[in-house]
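Hi everyone, thanks for coming.

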Amino acid sequence: MNTGLILYITSITVIFESIFMLLPIIVSFIYGGQDLQSLLVSFLITSFFGLSTYQLTKRYKKEELRHREAFFTVTLSWVVATAFATLPYLLSDSLNSFTDAYFEAMAGFTTTGSSVIKNVEIIPKGVLFWRSLTQWMGGMGIILFAIAVLPVLGAGGMQLFKAEVPEISVDKLRPRIIDTAKALWFIYAGLTVLCFSIYMAGGMGVYDSINHAFTTMATGGFSTKNASIACYKSPTIEFSSSLFMFLAGVNYSLYFYAFRGNLSRLWRNSEFRFYLFLTVTATFLITFNLKSYGFSIIDSFRLALFQVTSIMTTTGYASTDFEKWPSLSLIILITIMFAGGMIGSTGGGIKQVRIMLTLKQGYREIYQLIHPRAITTLKLDDRILSKEILGSIWGFFFLFIFIWVIATMGMAATGADIITSTSTVISAMCNVGPALGEAGPSENYSSLHVASKWILIFCMLTGRLELYTVLILFIPRFWKK
């Protein structure tokens, strides 16, 4: 294990994080916040660590980054970046414990949206802006950003890209992986600006529009209001948010082709059609379920569309306390929580393509029973999938369920009830945010036991990095030469 190279790449991630810290400093200065000094100190500590580590390890930058080191580097970078992200919370006294600050920071970078802050509206604007910014950075991935602006990584960038993003996720849009990363970030930033403009036109103020644009396109769900989007009581804002949450759940590779005039590729993509079908189906089922319980048809559709896109894309915004909805609606929301966004999007969850391929595989098994001599293949669009890819999908499902069960048992051991234990682990692993029970849409995670918070921190990180990147570090063979 090349420790020097690992620390070199991690230091670059921390340097970029410190650069982003300048933005909340500017915000605090504009609004005359009392958090200005805290943010400045946070910036100085973070930049000092990043620059000093860079100077000590830059001689390793031309060495080869191997596959094993890439996995460790990605996980370490997220852990370390999250640790430095706690500084604005702690130094400004917005949060009083390291556990709570680390939980909030991890929820930010993993775009989970779970929060331990009881009243976000009393948090200084600079720190609150930092909170939203962490989700925007984590949305496309800190490591992916480093690849986009760090050509010196060369071939090593490909190893980091594979460790951060699954192989079947994002097409290689450009000949060089660095150019691919840049293209994805430009699209991400462009959609964020468009979302900001729409929110402004819908009646949000400048500050709230920027924050919500960050957390909408990151499918993160942090809000500047305690009541989330429900605070605005605006159907226009809710419909706009629904649209951009849906767009954020689309594979960003498809936007690249669409912007180059190849719109047909979007509709030809079977995962996109499945994603659209699931969104429409869940929306209409919940709409008619709410209508049967006395809601008007317009309100039923508005509430259903918003909450379906929010939960399925793992954004986690709330336009109402959906925990009070009928049981059928709650079951549908919990079910689509697993699905998440498309592969290659900022959404979390199991991902649409894995759900779709699992259903296809199940159908193929039934077909084989009817026609035992038939030779069948499983395709994703025009691509025949190998047994290795199908095996990795089944392995992903097994590991997901295994971690879910173990983590739920751990939560229960700390005293959480079964509803809270089960739903919070699902929410954390799928990077959603709101759950049920003690962590419902009108509650937060502050009341949970310290041990419960660390269990959920692990679940958030593991879910965001697609399980394998983190779990591989726990295999003894990984550490052998």
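Let me start with a question: is K453 buried or exposed? K453 counts as buried, at 5% relative accessibility. By buried I mean under 20% relative accessible area, with exposed being over 50% and partly exposed in between, using a 1.4 Å probe and protein chains only.

Before going on, a word on what you're looking at. This is a predicted model, where local features need pLDDT of at least 70 and side-chain atom pairs count only at pLDDT 80 or more, while totals for chains, interfaces and linings use all residues. Residues are numbered from 1 along each chain as its sequence is written, and side-chain values use heavy atoms, with hydrogens and water left out.

Okay, back to K453. K453 makes a salt bridge with D100, and the closest N and O atoms are 2.6 Å apart. A salt bridge here is a side-chain nitrogen of Lys or Arg within 4 Å of a carboxyl oxygen of Asp or Glu. This one links distant parts of the chain: K453 sits in helix α21 (residues 450-464) and D100 in helix α6 (residues 98-109), 353 residues apart. Helices, by the way, are DSSP runs of H or I, at least four residues, numbered from the N terminus. D100 is buried too, at 16% relative accessibility. The count comes to seven salt bridges.

Now look at R302. R302 forms a salt bridge with E238, with the closest N and O atoms 2.7 Å apart. E238 is in helix α12 (residues 235-248) and R302 in helix α16, so this pair ties together parts that are 64 residues apart in sequence. R302 also bridges to D299, at 3.1 Å between the closest N and O atoms. Those two are three residues apart in α16, about one helical turn. E238, D299 and R302 are linked in a network of salt bridges.

Stay on α16, which also holds F301. F301 is partly exposed, with a relative accessible area of 30%, and it belongs to a nonpolar surface patch of about 650 Å², together with F239, V280, F284, F288, I297 and I298. For patches, we take residues with over 30% relative accessible area and no salt bridge, joining like charges within 9 Å and nonpolar side chains (Val, Leu, Ile, Met, Phe, Trp, Tyr) within 5 Å. Helices α15 (270-291) and α16 (297-312) each supply at least two residues of that patch.

Next, the rings. There are 33 aromatic pairs in the structure, meaning rings of Phe, Tyr and Trp (its six-membered ring) with centres within 6.5 Å; planes under 30 degrees apart count as stacked, over 60 as edge-to-face and the rest as tilted.

Technical notes: Accessible areas come from the Shrake-Rupley method with a 1.4 Å probe; for residues, only the protein chains shown count as cover.
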